[in-house]
Amino acid sequence: MPKLSDVLTALHGLYDPEWAESWDAVGLVCGDPDAEVRKVLFAVDPVQAVADEALAWGADLLVTHHPLFLRGVHSVAATGFKGRVVHSLIKGDCALAVAHTNADSADPGVSDALARALGLVVAGPLDPSAADPEGCRGIGRIGALPEPESLAAFAARAAKALPWTAAGLRVAGDPARTVQTVAVCGGAGDSLFAAARRAGVDVYLTADLRHHPASEAIEAGSPALVDAAHWATEWPWLEQAAAELTAALAASGATVETYVSRLPTDPWAFHVPSTT
Ligand SMILES: [Zn+2]
């Protein structure tokens, strides 16, 4: 049975912490490197419900995309929800590791999983990493649908491909417009509007789009926009990461059991369409 340190070596082989943005906080949050790891649960958010799910399943390691702590803390007392998560995991002998922007920029990374879920053939990163001379790593992906289709059909495709959320999808653009080339960015992607426009794609699917950047991008001749729930755009990566980690460990003769959380941790609980 592999030790946590072996599993982390495999995880970091897939998602090198060096690839993370300078503001990010990735890697091991809690856990003993010498502890044995048999079961690994993957989830987007390190919230209490996910920690409880990991412990109920008997996970030895929880891998999340989002960091539990992004900034320095002076206490992990269980008086706050983050401290409670840490206490729960340590008491339950479950480690926590984070692969965030290092997983975004990996090849394959978070946006590859999103692109594949949508049925795209991926051509390359939307914003290539300057640190990768081969141009394979970077944030977001550019790809194409096998056949052109209407924006309305593409939005329906995305709604079917991504896990259910109360918010669903918001779309900017003529529903009858034909689209084939697509840019995607798992998670908040409004910083990549300019890159999507430069790439000349027909539609850009991402999450967390805000009024002014979206409005200005449309006015500036942007691609059509599809705004999905942040959690939903990153969730497809979990299956990909679980399969990749299993394969990486198997290559060194180690076996772990993996499980992908389906708990919807999108914070928006319900959606009310306008009626006036
Ligand atoms: Zn995210």
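**A loop, the metal site and the fold**

Mentor: Asp208 sits in the loop that connects strand S9 (203-207) to helix H8 (211-219). Helices (H or I, at least four residues) and strands (E, at least two) are DSSP runs, numbered from the N terminus. The model is a predicted one, in which local features need pLDDT of at least 70 and side-chain atom pairs count only at pLDDT 80 or more, while totals for chains, interfaces and linings use all residues. Residues are numbered from 1 along each chain as its sequence is written, and side-chain values use heavy atoms, with hydrogens and water left out.

Trainee: What is the phi of Asp208 near?

Mentor: Phi of Asp208 is near 60°, a positive value in a residue other than glycine. Most residues other than glycine have a negative phi. Asp208 counts as partly exposed, at 37% relative accessibility. For relative accessible area, buried means under 20%, exposed over 50% and partly exposed in between, with a 1.4 Å probe and protein chains only.

Trainee: And Asp93, is that buried or exposed?

Mentor: Asp93 is exposed, its relative accessible area being 65%. Phi of Asp93 is positive as well, near 55°. Asp93 belongs to the loop between helix H3 (81-91) and strand S4 (95-98).

Trainee: Changing topic, which protein atoms are the donors of the zinc ion?

Mentor: The donors are His66 (NE2), His230 (NE2), Glu234 (OE) and Glu234 (OE), at 2.0 to 2.4 Å from the zinc ion. Donors are N, O and S atoms within 2.8 Å of the metal (3.2 Å for Na, K and Ca); water is not among the atoms, so sites may look incomplete.

Trainee: Why is the arrangement irregular?

Mentor: The four donor atoms subtend angles of 56 to 129° around the zinc ion, and the arrangement is therefore irregular. Four donors count as tetrahedral if all angles lie between 85 and 135 degrees; four count as square planar and six as octahedral if opposite donors are over 155 degrees apart and all others between 65 and 115; anything else is irregular.

Trainee: What spacing do the donors follow along the chain?

Mentor: The spacing is H-x163-H-x3-E. His230 and Glu234 both belong to helix H9 (residues 230-234), where they are four residues apart, about one turn of the helix. Glu234 is buried, with a relative accessible area of 3%.

Trainee: Now the chain as a whole. How many helices and strands are there?

Mentor: The chain has 10 helices and 11 strands. Its radius of gyration is 19 Å, close to the 19 Å that the globule rule gives for 276 residues, so the chain is as compact as a globular protein of that length. That radius is taken over C-alpha atoms, and the rule is 2.2 Å times the number of residues to the power 0.38. Buried residues account for 49% of the 276 residues.

Trainee: Which residues have the most contacts inside the largest nonpolar core?

Mentor: They are Tyr15, Phe42, Leu61, Phe154, Trp237 and Leu245, in a core of 50 residues. A second, separate core has 16 residues, including Trp57, Leu62, Leu89 and Cys94. A nonpolar core is a set of buried Ala, Val, Leu, Ile, Met, Phe, Trp, Tyr and Cys residues joined through side-chain atoms within 4.5 Å.

Trainee: What is Tyr15 in contact with?

Mentor: Leaving aside neighbours within four places in sequence, Tyr15 is in contact with residues including Ala99, Pro108 and Trp237. Contact means heavy atoms within 4.5 Å.

Trainee: Where does Pro108 lie?

Mentor: Pro108 is in the loop between helix H4 (101-104) and H5. The peptide bond from Asp107 to Pro108 is cis, with omega near 0°. Most peptide bonds are trans.

Trainee: Why is helix H5 largely enclosed by the rest of the structure?

Mentor: Six of the eight residues of helix H5 (residues 110-117) are buried, so the rest of the structure largely encloses this helix. The buried residues are Val110, Ser111, Asp112, Ala113, Leu114 and Ala115. Gly119 follows H5 and has a positive phi, near 85°.
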